Amino acid sequence: MSLLEVNDLAVSFVTRMGTNRAVDGISFSVDIGKITAIIGESGSGKSVACYSMLGLVPMPPGRIDGGSALFEGQDLLQMSEDQLREIRGRDIAMIFQDPMTCLNPFMTIGKQLMEPLLYHKDVSKQDARARALELLEEVGIRDPETTFDNYPHQFSGGMRQRVMIAMALINEPKLLIADEPTTALDVTIQAQILKLIADLQKNRDIGVIFISHDLAVVADIADQIVVMQQGKIVEGGDSEHIFHHAEHPYTKKLLAAIPADSKAPMPGEPETLIAVRNLCTWFEQGKGKEPVKAVNDVSFDIKRGEVLGLVGESGSGKSTIGRSILRLVPVTSGAVDFDGTDVTGLEGGELKRFRRRMQMIFQDPFASLNPRMTVFDTLAEPLLLHGIENRKSVASGVLKLMDDVGLARNFVRKYPHEFSGGQRQRIAIGRALATRPEFIVADEPVSALDVTIQAQILDLMQELGKEYGLTMLFVSHDLAVVRHLADRILVLYKGEIVEQGTGEELFERPQQDYTRQLLSSIPGRALLE
Amino acid sequence: MTTEIITDIAEAEQGSSLWHDAWLRLRKNRLALAGGIILVAFSIIALLTPWIAPYAYDAQNLDLGATPPSAQHWLGTDIFGRDLLTQIMYGGRVSLAVGLIATSVALLIGVTWGAVAGYVGGKVDAVMMRLVDIMYALPFMIFIVLLMVVFGRNILLLFLAIGAVEWLTMARIMRSQVQQLRQQEFVEAAISLGLPPGTIIRRHLIPNALGPIIVYTTLTIPSVMLLEAFLSFLGLGIQPPQTSWGLLISYGAETMEEFPWLLIFPGLALTITLFSLNFLGDGLRDALDVRRSKD
């Protein structure tokens, strides 16, 4: 018998605008000691399906229309709130996407770990503490005795996710639901957390539901995979079947969205557009403290027309390099030579003229657009500021930009919140292109997007790059994406360049340990070959 | 195809600003609209008072004394036999002007000060905000008395003085809002477009901080009206026979057991104004929040 058997589950949301079927009759099962992955893009109903079983979907507006979810033979959907609360956290535990917001910042992690134990089981404080320490050890927290009384902010993102996992495991659940547990993490950390989840599941013989938008992430760990689209399961089966004999077009599309090729090197020997020399960007920490050397003595060239990839984990200084070139953070020392002029010394009107020539695309399309400005205002602003269009011609300029980035013209009066993530990123790209720049820094432009949307945005950027003759610095932690897009790649570690070369060189013949480590962290590596 | 493009452009050109959209949304909010109409009506009455008031503002009839509402005196008379309606109309001039001018002064200084401090940060911020702290620490009464002594009693000065005290809180609210907002990438995007700081503050920061500003403004207006009454009561504000709603209410409160109408009617005038303000403020806040109801 399966641990969890979901049959024909249907969930709707009833709003003033009408009824929206979020989960439309899905069936799947989770076996003891196996990992079932649910894959789908945002809005596909993958999270709603799991949350509704545990009574975590607010009702109304949510409504369970039918089906059953048998957990050890008992139907979760028929249980009262009290019964569900007993099961949540004790028999079924959850791990969430963002370890930053899921821990209470004002409680030590030790206290937070002991809380569910003291609530669900009749144990003494000493026993709870001993148990919590044991678990911290198990999830790979070094020296748990001393970190027990630390607060969440003293941990890195990966460590916090480990704490979250320890918290989920403390009552020895039989089923663990992990909702995009690695999406907010770096590749190397992601690889560690994935391994941890797989190990725990084997050692403890628990069932796992792993929710993700990215097929590649689950490639190495999932036993069963179900692919969801618009509330329905379009394809399901064991991992082998999905990756090698997928039948449904949507599954094939997801597989195709995993970038697996290396960009061909640029022909000829183009001139240098940007020469970065001994660039240092340090952040002062206050008196008596050593400054944070975010970027430390970095030198490299960017050729005209090339896409230079910059990879590294968070904290490696890769974003800071991009921002230093664009003068968005103050440079400590060094020079950035842009087409013959050192931009680090520019001020006032001269700086403004240079700003027009270099633009940035940001990571989070939800934060990078002013929520109170319509698409029109957002795109018109740079056009008017730099005198590219005048008041009369600005409307046609805006519409031209919208055409270029593939946004329908009737969206022109809408505000950012009315768009999906991919559409917003298109607006942001349009804004960056409005000044007709020669150089663009793209800071993780697709890492906040679903895989299929990622592929679309990457295609768009490549296309526009050619059309506008752009030179690009592409900053990312995702090696597969960078290899797909970049002519050359720089690998950054702790503010310094450790290796550089073409995608092929780095992937086939990595010279440094750190590069090798990055490469081995790429999820579903086998898929790339 | 060509016609389609032309309509697109026409659509794009026709005022696509935040304020235009806000007005369209506000128009649908009946309560807010009613509030706005009442405020406008009160303001017009206040402006026209010298010509439309039933009696002269200093006309008294000591023989008559306090009388309840009647055909001659719609809202009754006070203990000096002065017509209450006339008093309320003249009082409204002072109270509404105080609310408007003092709050505008507070808004203008507070929002600018806070936005600049929050945006520039560093030493400039430290100096600007320490100044605010010092002003906070100054005893408010002494400040006003000093002003009155130096410049003589002057009603406009009173408004400015009240405004000059009320802006401190506004500056603090604005600064914390701007500090949060400027971390966001859209501000960085604006910098990298080459927008000058003034434009960034005006176009990108202030519109996104409007919610708290409006809420605080609707709280400030009644508090400055009451502050005026308090100062006048102490003899620092306006003097009889000039009057204000605050003064009328405080006199009315003294005699409310014998002559309740002297408290009820000025109180009603103030309450209606404050209700209207709150409805209008709420409506404005919702209308400016583009994320709400786009239906």
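Over residues 155-174 of chain B, the chain is 100% helix and 0% strand, and the end C-alpha atoms lie 28 Å apart; helices (H or I, at least four residues) and strands (E, at least two) are DSSP runs, numbered from the N terminus. Good morning, colleagues. This is a predicted model, in which local features need pLDDT of at least 70 and side-chain atom pairs count only at pLDDT 80 or more, while totals for chains, interfaces and linings use all residues. Residues are numbered from 1 along each chain as its sequence is written, chains are lettered from A and ligands numbered from 1 in the order in which they are written, and side-chain values use heavy atoms, with hydrogens and water left out.

Residues 31-53 of chain B are 96% helix and 0% strand, with 29 Å between the end C-alpha atoms.

Next, the interface. Here 34 residues of chain B are in contact (heavy atoms within 4.5 Å) with 37 residues of chain A. The two chains bury about 3,400 Å² between them, 53% of it on carbon and sulfur atoms; buried area is the accessible area (1.4 Å probe) that two parts lose on being put together, summed over both. Within chain B, Glu185(B), Ser192(B) and Leu193(B) lose the most area to chain A, together 21% of what that side buries.

I turn to the open spaces. On a 1 Å grid over the protein atoms alone, a pocket is an open set of points with protein on both sides within 12 Å along at least five of seven lines, a cavity is a set where a 1.4 Å probe fits but cannot get out, and lining residues have an atom within 4 Å of a point. Grid points are joined across faces, edges and corners, and a volume is the space filled by probe spheres set on the points.

The largest pocket holds about 1,000 Å³. Of its 35 lining residues, Met100(A), Ala184(A), Asp186(A), Ser314(A) and Gly315(A) are the closest to its centre. Elements giving two or more residues to this lining are α6 (157-169), α7 and α11 (318-325) of chain A, together with α8 (185-193) of chain B. The second largest pocket, of about 810 Å³, has 31 lining residues, with Ser43(B), Leu96(B), Ala97(B), Gly99(B) and Leu100(B) nearest its centre. α4(B) gives the most to that lining, 12 residues.

Where does the largest cavity lie? Domain 1 (4-91 + 173-256) and domain 3 (307-313 + 345-528) of chain A both give residues to its lining, so the cavity lies between them; these bounds come from an automatic or database domain assignment. Its volume is about 440 Å³, and among its 31 lining residues, Gln190(A), Asp214(A), Gln454(A), His477(A) and Asp478(A) lie nearest the centre. The second largest cavity has a volume of about 40 Å³. Residues including Ile361(A), Leu433(A) and Met461(A) line this second cavity.
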